[in-house]
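Reader: I would like to take a close look at a single part of this structure, and I would be grateful for a careful, connected account of it.

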Amino acid sequence: MSFPLLTATAVLPAVGAIATAAVPAARRAAAKWLALALSLATLVLAGIVFARFEPGGDRYQLTESHAWIKDFGVRYELGVDGIGVALLALTALLIPFVILAGWHDADPAPGARLDSSGGGPEKTSPYHWRPTQGFFALILMVEAMVILSFVATDVFLFYILFEAMLIPMYFLIGGFGDRAHAGSDENAAAQRSYAAVKFLLYNLAGGLIMLAAVIGLYVVAGSFSLSEIAAARADGSLDMGTGTERWLFLGFFFAFAVKAPLWPLHTWLPNAMGEATTPVAVLITAVVDKVGTFAMLRFCLQLFPEASKWATPVILVLALISIVYGALLAVGQRDIKRLIAYASISHFGFIVLGIFAMTSQGQSGATLYMVNHGISTAALMLVAGFLITRRGSRLIADYGGVQKVAPVLAGTFLVGGLATLSLPGLAPFVSEFLVLVGTFSAYPAAGVIATVGIVLAALYVLVLYQRTMTGPVRQEVGGMPDLRVRELAVALPLIALLIFLGVFPKPLTEVVNPAVQHTMHDVQKKDPQPEVEAAK
Amino acid sequence: MENLIALLIAAPLLGAAVLLCGGRRLDRTGHWIGTLLAGASFVVGVVLFTDMLGRGAEDRTLHQRLFSWIPVEGFQADVAFQLDQLSMTFVLLITGVGTLIHIYSIGYMEHDERRRRFFGYLNLFLAAMLLLVIADNYLLLYVGWEGVGLASYLLIGFWQHKPSAATAAKKAFLVNRVGDMGLSIAIMLMFTTFGTFAFGPVLGSTGETSEGKLTAIGLMLLLAACGKSAQVPLQSWLGDAMEGPTPVSALIHAATMVTAGVYLIVRSGAIFDGAPDAQLAVVVVGAVTLLFGAIVGCAKDDIKKALAGSTMSQIGYMILAAGLGPVGYVFAIMHLVTHGFFKAGLFLGAGSVMHGMNDEVDMRKYGGLRKYMPVTFVTFGLGYLAIIGFPGLSGFFSKDKIIEAAFAKGGTEGWILGSVALLGAAITAFYMTRVMLLTFFGEERWRHAATPSPAEPDVEPAAETGGDHSEPHPHESPRSMTVPMIVLAFGSVFAGGFFSIGDRFLHWLEPVTGHDHGHAPVSATTVTAATMVVLVVGVAIAWAMYGRRPVPAVAPRGSLLTRAARRDLLQDDFNHVVLVRGGEHLTRSLVYVDHTLVDGVVNGTAASMGGLSGRLRTLQNGYARSYAVSMFGGAVVLIAATLLMRAV
Amino acid sequence: MNPVNYLYLAALLFTIGASGVLIRRNAIVVFMCIELMLNACNLAFVAFSRMHGNLDGQIIAFFTMVVAAAEVVVGLAIIVSLFRSRHSASVDDASLMKL
């Protein structure tokens, strides 16, 4: 048996989480460095997975399979396809930046006592609350679960991970708030716990409905294995019946639509992203939410192709509403982080649109969009976080003229913003255009409406930039220092990546294309042919 | 030789990267690096040009394919270039005028602490603009299209500390985005129709699709052109764009970027030729903007805004010519090139005047400057004569041809378009004479106007000359500024004649754009004579109004039309009321809806659950005996039910 | 004698025990009433065993006795400790187990 590379990639951050949590309370710095080192080691493993993946090879590669719960046929089954490998790489890539950006976010507040039992020798007690260690351990735990969910090919295994990642996320949102809160400490804590509970309830509700559908699927299909069910469907030995298939599809889709999030199930996202620290907000939108859209592509389309096609018109409409509605609400926000959250809702609309347009360009575009949105939102949000930490406020109105005092910060913020509005030359443009073209070739009207989104995106990004960065220097931002080395180490690689993938996206499209062709085959759709066979 | 094409873009792109990432250590040398690389690009352009001249007319088109950009099933986008005579014309214009303006900026921006960044942005603009004109497919063209939009945004808002500049930059980008939407929809339409968006295949197979498709593509391309070239109804950003430093106005908002729309339409000629309705829309837009810009230009007291109105109007001429089809393509491009010379020269002259006048832009506070700025006066004057179409100068040849072509359209349309073009020529003569008289002739009104301009009393003075508000001491600008002005003046004088003698320009471009002489209802001589007449009339009216009488330093109230024209014919007011206010209300109400309705439904469910459980909680009173009662009761009910079922 | 009469007696005893549990407050008495109910069940089991002619009912009766004995041990211990802490054996006084 060959080396279980995928398991290793997922287990390494989990081990890292435990090790980080076990670091003694007094040695906070060691915990940070340990977490960073392990996330980088995971990145190396993910890089090996990416390199070992052969675009032209089998659909699922590097597979592992072990019996787990024999009585129900649950197996520990792993394997990556092109879509999974792209998202796995994204996750492994972003976590080091998240850790680096959150370097000081979980430090005990200056002047605050480290724990309730007072200082002194008790600090070494193993039972005592160590926020810094906990913060980084939870981030690594989320990474482990997300990676495993991208490579799980057993429906039950995926479901468990899909739900389990709520636990560390809940603590990350509720336990570590943004210090830059307008209200008093109690007010901040109340809003934070509201946001965390809202996040948990929404996702739990989605998850439970999915559980019912998972059980229903087992009853109908007699297996949890993705490949077995897909094979049985393909050779006709499994016929779910139209009604059953639709119900099961809806059960799965609901859970993913909450996680994605799709209008009108989106309201947890602005709360969660607004109240959480910026690295955690990035973790939510750039990493965890991707599991939702990824699962639509992998589970909904593959397991229930007929029902997916049946639901397409409604889902397209919801996606279009998300695009326009999210963008309009972003324009109306007064809080920087909530603005970015609503912008993300608009972008998730694009992703869902691309998936359900069911054309090669749309689905390739949607997959690239997941990766590019992760990078661009991370760049914008993390730089916004640096800005917010400096001024101690999330309100746009509290800024002005930052460009003059901190030009590098303003410059990186602008590049992040331009990526968010999909400027050609930066990575998101490639994916957004593919989604638009893919949608337009199948549903011209939807394509045209979605195009309105690019104007609105320019509006909210430029208004944000204008109000915060330009104009006369406000007194409060007068002494603001420019980006420090640690912050540059976060921003610059992300920007370099945005430019690289904008000019040369081939490494990604190469692995994604075959996977998309498989999915297109699953749903038995063919691209619309051009009207004229142009002279090549 | 084709391997050199990429070098055209690489040089300024390298400059932009070095200058923007280089940090403060390049502050002292940055402007030289930027200018040198722009010049290098020009040299490469000239080398390619001489090589092109050495080949026959049929094999002058060069291709260079760098790499496959977005390879996705059924969708191929390459990073590939195509250099033909049309692109070559633009390359020389862009790099030539661009280099001159780089040189000019060395002097103009001398006292600006962020000069290095200014040159970085200028280089970025050159790279994007060159990409726009040498791309071999529409998607890559789109990259350049938005790239110049970005450079324009950065440069308009270069003095970011001025809120008006930041707002103008944002407005320009947004309005352009609306146009970009048109371009991206056009590309999507091409993809669904032809399966590709490379120039060759698309333009080569327009005959195989329906006229409806072509009309749709054409209208979308027109929308894109309207945005970039500031044509009605997307013209509102150009006036505000004058917030940028003057070299920017000269390069981007007069000579090159704003003409990209003309390039797009001429390049897509095959599509428009197959879609007469789209062509009609193009000429209507061109004709309307031609008058619109000219009227606005008549009313503005801000020298740069008057010139901006003029730019709008002149591009209207080009769009009009491009909409006429093969009759006009060549003349659209010819006017574009000559306009590039004289309008860039006029803007640089205006910058020179402002440079010597403490950044005053109000022409009513100029007057009699010809004595103090002789070089500026002469070069500006030559540009003036060129733009109004003084016989023998550049504008005469190119504008005259467009008016002829408009008449040659034939039928009533031809007469209407021809008359509009003639009327435009008269108004051009009027407002340009007005600018000339107000600035260089008459009494020296600035002697008494030593107070700061009342429009923006609180704003920090622009960093150009330190901006002290004492009485200005008009002086000639340094050599680095006057030399580019002189070179451009040469172009303004001789380019038109050089192009027209022996129809040189026509023969040069014809293989790409095609040409058709049309059949003019009136002879060329008649048109020229009519043009001369309206020219004289326009100049005479301006002389009567501004030359003979002293000019009041504060603008009189003016007629209804004047007042409307000062406010850009109320277009901004319309935008403000309908789009800005309406948009604000929409977003506010949506924020409210999101909070109360969408979130409210969920919160309501949660609240009702909470209420229900609160009620149920009272049953748990803790008394063991009441639990026992419910237990017994339950048992009795169960037994009764069982018995009952049996009985039935 | 007709075995059905034993069933009537068992029902009567069960009813007395049940009403005692519901009405009386003294924990000891409640406890005794529960024992009464258990024994009523035992009686019914034995009677049914006789009626159907097999031993299952008697075996279950023995089980019940063992369970009842165990219950007495635990139950009395609880009552004693409750009395010690509250100086009262009333079941209504021990009403803290609520939300």
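Reader: How much area do chain B and chain A bury between them, and what share of it is on carbon and sulfur atoms?

Author: Keeping in mind that this is a predicted model, we can say that chain B and chain A bury about 5,300 Å² between them, and that 68% of this area is on carbon and sulfur atoms. On the side of chain B, the residues that lose the most area to chain A are Q160(B), R177(B) and M188(B), which together account for 12% of what that side buries. Counted by contacts, the interface brings 58 residues of chain B against 67 residues of chain A.

Turning to the polar side of the interface, there are 13 residue pairs in polar contact between chain B and chain A, counting pairs in which both residues have pLDDT 80 or more. One salt bridge is found across the interface, and in the salt bridge between E113(B) and K404(A) the side chains meet at 3.9 Å, taken from N to O. The elements of chain B that give two or more residues to the side touching chain A are β1 (62–72), α5 (138–156), α6 (163–194) and α23, and among these α6(B) provides the largest share, with 18 residues.

Helix α23 of chain B, which spans residues 571–617, also holds V578(B).

Methods:
Residues numbered from 1 in each chain as written. Chains lettered and ligands numbered in written order. Predicted model: local features only at pLDDT ≥ 70, side-chain atom pairs only at ≥ 80, totals over all residues. Heavy atoms only, no water. Helix = DSSP H or I, 4+ residues; strand = E, 2+ residues; numbered from the N terminus. Contact = heavy atoms within 4.5 Å. Buried area = accessible area lost by both parts, 1.4 Å probe. Salt bridge = Lys/Arg side-chain N within 4 Å of Asp/Glu carboxyl O. Polar contact = N/O pair within 3.5 Å; in protein donor to acceptor, adjacent residues only side chain to side chain.
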